[in-house]
Amino acid sequence: MKVICTKCGGMNVACEAMINPNDKSFRNYTDEAFVYGWCDDCGNGVVLSDIDEIKEDIDKLYADFCAEHGTEPLYAMCEIVWKDEKFVEPSPVTVKLSSDADDATDEKIFFYCDGIEDLKSLAEFGVEDFVLTACNYLTNDL
């Protein structure tokens, strides 16, 4: 499990948990305990992202899509967080799984990448202005 801060990429993060204040015993996690948290590296309340879980989800979606359709997907509908903000983009964005531009669909494409491995790399804290926090589904239709 590699949970990162989507603002700075640090792993010195904490999430919410329910603790009995009388004996300090752990009781449960809150509903969105692993979505929002605190980063000690940058000192901010941030969106948290589990890189390994996202990559595993993408691998499963990809395998299921290829098995069902007999072809590779063209697009991924994804959730992102902007690095300079503290919020999740309000609606899914479309990532094209090739760098081939198409004037007919260009305005609908948020980002172009070179295949499924490149898509998974967007979950890492890298050079882009955003971090991919979830892949909802893969498709060949816009």
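These are my notebook entries on the chain shown above.

**Ground rules.** I am working with a predicted model, where local features need pLDDT of at least 70 and side-chain atom pairs count only at pLDDT 80 or more, while totals for chains, interfaces and linings use all residues. Residues are numbered from 1 along each chain as its sequence is written, and side-chain values use heavy atoms, with hydrogens and water left out.

**Fold.** I looked up the secondary structure and found two helices and 10 strands in the chain; both kinds are DSSP runs (helices H or I, at least four residues; strands E, at least two), numbered from the N terminus. Reading from the N terminus, I get the order β-β-β-β-β-β-α-β-β-β-α-β. The C-alpha trace spans about 60 × 30 × 20 Å along its principal axes.

**Contacts.** I took contact as heavy atoms within 4.5 Å. Of the contacts between residues at least 6 apart in sequence, 55% join residues at least 24 apart.

**Burial.** I note that 35% of the 142 residues count as buried (under 20% relative accessible area; exposed is over 50%, partly exposed in between; 1.4 Å probe, protein chains only).

**Cysteines.** How many disulfides does a search of the whole structure find? It finds zero, with a disulfide taken as a pair of cysteine sulfur atoms within 2.5 Å. Cys-39 is in no disulfide, and its nearest cysteine sulfur, that of Cys-8, is 3.6 Å away. I also checked the cover on Cys-39, which is buried at a relative accessible area of 0%. Cys-66 is in no disulfide either, the nearest cysteine sulfur being that of Cys-135, 12 Å away. Cys-66 is partly exposed, at 22%.
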